[in-house]
2 protein chains.
Amino acid sequence: MSCGNADLLVRALPAARRTRQRGAVLHVLVDCSDFVSAQQLHALTTADGIGVGLTTVYRTLRELEAYGRVDVVRDDAGERLYRLRPFGRHRHYLVCRSCGRSRAVDAEVVEAWVDEIGESAGFDAVEHTVELTGICATCRSATPPLAGGGEQ
Amino acid sequence: MSCGNADLLVRALPAARRTRQRGAVLHVLVDCSDFVSAQQLHALTTADGIGVGLTTVYRTLRELEAYGRVDVVRDDAGERLYRLRPFGRHRHYLVCRSCGRSRAVDAEVVEAWVDEIGESAGFDAVEHTVELTGICATCRSATPPLAGGGEQ
DNA sequence: AATAGAAATGGTATTCATTTTCATATATGG
DNA sequence: CCATATATGAAAATGAATACCATTTCTATT
């Protein structure tokens, strides 16, 4: 159970009153080891029997984002996906296009590169988005060989 | 005049028939030195008096994207913005959040990093998105100094 | 040039994530 | 317990992107 963790997060929100709904969203989020959409979170809280309004889900996610508690990526359809930030600093992820599973990757190289680019271009307040997708080893080997098996 | 350039691009599309509309979209795209949205392109062709249907604009952009003729980024609202790829290879950009102007940046470091990450994680067909935004020098100096004078 | 058929077009309707509105409910400090 | 600032959520609005499909227009072929 990760209730304690979720509690911590509720406190992490600024003006936050401790409400049942926010707790529910955070609880589900803590239990998700991977990126989830607002719609999924809504469905999950509903399934949990806690029923949080869609509006509140979106609101909570926006707050979490504003306070740097989550990382955000967009899927192919442009839908925003959220994932709790393990600890403070933002991270970049490699996401499998087949199963959707993601893993954080080491991106210091990129962070350094970003700084340098910004500086040499004379830009201030440089922000960056990096998204990696691919097909993970598991999915590749699980996939029926497209040409081999034979259609009948 | 960049008609020749646009012509070349029409030819670059695969099954492409040379139509007035596609020509118009490409023509406007060539004239745009920066990222534009589908909606903007639609408005621009209309302003040009050529009037291309929104559907066709989207279709053309999707094709251009599929054939690697344009780079795509998303703005804050999640809207897709398109920009012609100077020559073949995809590029990454540093976009000013204030004036919207963008410049291509040197990203070989990142390309190499991506390859390495993909390989070491055992992922196939790794694709990446990198977006940089900031405030360009021009905009910064044009902006009234927010903190410089000191709060009193 | 005429023609047939494939491809392209575009107005309209639809989808769907996200935001806004606003009336109601509920935390929380005093 | 009370007051009230804050949070909630149903319903409506927004808006980009897509689907539908009847109509138009290329283009190869004769």
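This is a predicted model: local features need pLDDT of at least 70, side-chain atom pairs count only at pLDDT 80 or more; totals for chains, interfaces and linings use all residues.
Visitor: Where is A:H128 found?

Guide: A:H128 is in strand β6 of chain A, which covers residues 124-135.

Visitor: Is A:H128 buried or exposed?

Guide: Buried: the relative accessible area of A:H128 is 17%, and the cut-off for buried is under 20%.

Visitor: What is A:H128 in contact with, leaving aside its neighbours within four places in sequence?

Guide: From chain A there are A:H90, A:H92, A:E111 and A:V114, and from chain B there are B:E131 and B:L132.

Visitor: Which residues does the UniProt "binding site" annotation cover?

Guide: According to the UniProt record, an unreviewed entry, the "binding site" covers A:E111 and A:H128.

Visitor: OK, and where is A:E111 found?

Guide: A:E111 belongs to helix α5 of chain A, residues 108-121. A:E111 is buried as well, with a relative accessible area of 17%.

Visitor: What is A:E111 in contact with, again leaving aside neighbours within four places in sequence?

Guide: The contacts of A:E111 are A:R89, A:H90, A:H92 and A:H128. A:H90 and A:H92 are also in contact with A:H128.

Visitor: Change of topic. How is chain B laid on chain A?

Guide: By a turn of 180° with a shift of 0.0 Å along the axis, and the RMSD is then 0.2 Å. The two copies are therefore related as by a two-fold rotation axis.

Visitor: Which C-alpha of chain B is nearest the axis?

Guide: In chain B that is the C-alpha of B:V130, at 2.3 Å from the axis.

Visitor: What about the surface that serves both copies?

Guide: The same surface serves both: 97% of the contact residues of chain B recur in chain A.

Visitor: On to the DNA. Which residues come nearest to DNA strand C?

Guide: There are 20 residues around DNA strand C, and A:R18, A:Y58, B:R17, B:T19 and B:R59 come nearest. Both chains are represented in that list.

Visitor: What part of DNA strand C is within 4 Å of the protein?

Guide: Of the atoms of DNA strand C within 4 Å of the protein, 67% belong to sugar or phosphate, and the rest belong to bases.

Visitor: Which helix gives the most to the surface near DNA strand C?

Guide: α4(A) gives the most, with four residues. At least two residues each come from α4 (54-66) of chain A and from α2 and α4 (54-66) of chain B.

Visitor: Now DNA strand D. Which residues come nearest?

Guide: Of the 19 residues around DNA strand D, the nearest are A:R17, A:T19, A:G53, A:R59 and B:Y58. Sugar and phosphate make up 65% of the atoms of DNA strand D within 4 Å of the protein.

Visitor: Which side chains have an N or O atom by a base nitrogen of DNA strand D?

Guide: A:R59 is one of them, with a side-chain N or O atom 2.9 Å from a base nitrogen of DNA strand D. For B:T55 the distance from a side-chain N or O atom to a base nitrogen of DNA strand D is 3.4 Å.

Visitor: And A:R22, what is its side chain 3.2 Å from?

Guide: An N or O atom in the side chain of A:R22 is 3.2 Å from a phosphate oxygen of DNA strand D.

Visitor: Back to helix α2 of chain B. What span should its twelve residues have?

Guide: At 1.5 Å a residue they should span 16 Å, and the end C-alpha atoms are 16 Å apart, which agrees. The buried residues of α2(B) are B:R22, B:A24, B:V25, B:L26, B:V28, B:L29 and B:V30.

Key
Residues are numbered from 1 along each chain as its sequence is written. Chains are lettered from A and ligands numbered from 1 in the order in which they are written. Side-chain values use heavy atoms; hydrogens and water are left out. Copies are superposed by least squares on the C-alpha atoms of residues with pLDDT of at least 70 in both. Contact means heavy atoms within 4.5 Å. The expected span of a helix is 1.5 Å times one less than its number of residues. Buried means under 20% relative accessible area, exposed over 50%, partly exposed in between (1.4 Å probe, protein chains only). UniProt positions are given in the numbering used here, feature names are shortened, and annotations may be inferred rather than shown by experiment. A residue is near a molecule or strand if one of its heavy atoms lies within 4 Å of it. A polar contact is a pair of N or O atoms within 3.5 Å; within protein, one must be able to donate a hydrogen and the other to accept it, and residues adjacent in sequence count only if both atoms are side-chain atoms.
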